[in-house]
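I opened my notebook today to look up a few spots in one structure. Here is what I was going to look at, and you are welcome to follow along.

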Amino acid sequence: MKKKVLSVLLASAMVASVLAGCGSSAADTAAPAADAAAEEAAPAEEAAPAEEAAPAEEAATEAAVDTAAADSAAPAADASGSTYALVTKSAGNPFMERMASGFQEAVEAQGGTVVIQNPEAATPDAQISVIQSLISQGVSSIAVDGNDANALTAVLTEAKDAGIKILTLDSDVAPDTRTVYCNQAGVQQIGETLMEAVYDLTGGEGDWAILSATSQATNQNAWIDAMKKLMESDSKYAKLNLVEVAYGDDEPQKSTDQTQALLQNYPDLKVICAPTTVGIAAAAKVLQDQKSTVKLTGLGLPSEMAEYIGDDDAHSCPYMYLWNPIDLGRLAGYTSIALVDGTITGAAGDKFTAGDLGDYTIEEIDGSTQIILGPPFKFDPSNIDEWKSVY
Ligand code: RAM
């Protein structure tokens, strides 16, 4: 019970921090969140309503369908009669499960019906077949976590032609195949934050490697590109040597194997940066079990990484970052409803209220549109115990 109350307080704190960053195009240019994050993570004084703030521990099912309106809060909008689909990257990824729980909670609270599809593997082909079945079902909207930038173009065009509203979250697709992208944080900001962590943990020089998800993942590729561009453009990083970008495909075993290969192939390796929750958890275990001196940072779930976070030699990860995956799912749920009921079209300047996440304005970026959830959040020894029960 105590844990649940803490979870509620912490989720409330996260909502507050998200509100601080929402709708702001400055997110892309802001300095890395490294120093401010610990302060933001302090538990909020006032608790949010338990139903809204409690993290969903249960995994989303393969095809969770629920027509019942939420029993607690009065719906702010009536989304009943419409069916809102979410297609995640793949089944068995705890980040996706938390994201799906937020999506489901937000849509059901407004009286909508939810369909969640978790493809068997993190491939575009697996997503194409579930999207085809959603077109046949005649859903009102599809929120896609893209496994490839371009491979989904044909099936999403077919869905759009059938009158289905298309949006993306977490990992984007080709911009002209969707209305708007629910982005967790600015690409540039994530790149800067991770690059700064690599600089810090290497001492500013030496070999480091990236352990990514799949080689086609739009989100990881964008973050890695941002990091590479920073290394090229800022002489501060001139003494850093990126030896390899390895791909663990967001599969625990493959991520473990890739980590072991990096350790074998690069004896002078100082740091691994894993911008994937699956990859970082696998790498953390390998490094800690082997008592390796190689340090780890990246993007991880506090619940999975708590035992690896610490400042001493016994822990593999001094600190890492993430955002609230439950809130990212909720944001996509509210965005889906606003697209279906016509509040927004996905155009720059469109405004809507995403429940208690607050008010959002769709922003233009590189000729396309997105909604930013908020800045990346730092997890370190000072706050990991508080956050590990939240997500
Ligand atoms: C993994 C997925 C997801 C990414 C997180 C950080 O769970 O690849 O797309 O956003 O890591």
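Before I started, I noted what "contact" means here: two residues are in contact if their C-beta atoms, placed from the backbone, lie within 7 Å. I also wrote down that this is a predicted model.

**Entry 1: G206**

I found G206 in strand β6, which covers residues 206–212. Which residues is G206 in contact with, leaving aside its neighbours within four places in sequence? I listed N241, D268 and K270. Next I checked L240, which is 34 residues away from G206 along the chain. The C-alpha atoms of G206 and L240 are separated by 5.0 Å. Is G206 buried, exposed or partly exposed? I put it down as partly exposed, because 15 other C-beta atoms lie within 10 Å.

**Entry 2: the ligand**

I then turned to the 13 residues around the ligand. Coming nearest are F95, A213, T276, T277 and L299. I sorted the shell by type and got 5 nonpolar, 5 polar and 3 charged residues. Where does the shell come from? At least three of its residues belong to domain 1 (2–184 + 324–387), and at least three to domain 2 (187–322).

**Entry 3: helix α12**

My last stop was helix α12, residues 325–340. From its first C-alpha to its last, α12 reaches 23 Å, close to the 22 Å expected for its 16 residues at 1.5 Å a residue. I noted that α12 is mostly covered, with 16 of its 16 residues buried. After α12 comes G342, and its phi is positive, near 85 degrees.

Terms used:
Residues numbered from 1 in each chain as written. Predicted model: local features only at pLDDT ≥ 70, side-chain atom pairs only at ≥ 80, totals over all residues. Helix = DSSP H or I, 4+ residues; strand = E, 2+ residues; numbered from the N terminus. Buried ≥ 20, exposed ≤ 12 C-beta atoms within 10 Å, placed from the backbone. Near = placed C-beta within 6 Å. Nonpolar A, V, L, I, M, F, W, Y, C, P; charged D, E, K, R; others polar. Domains from an automatic or database assignment. Expected span 1.5 Å × (residues − 1).
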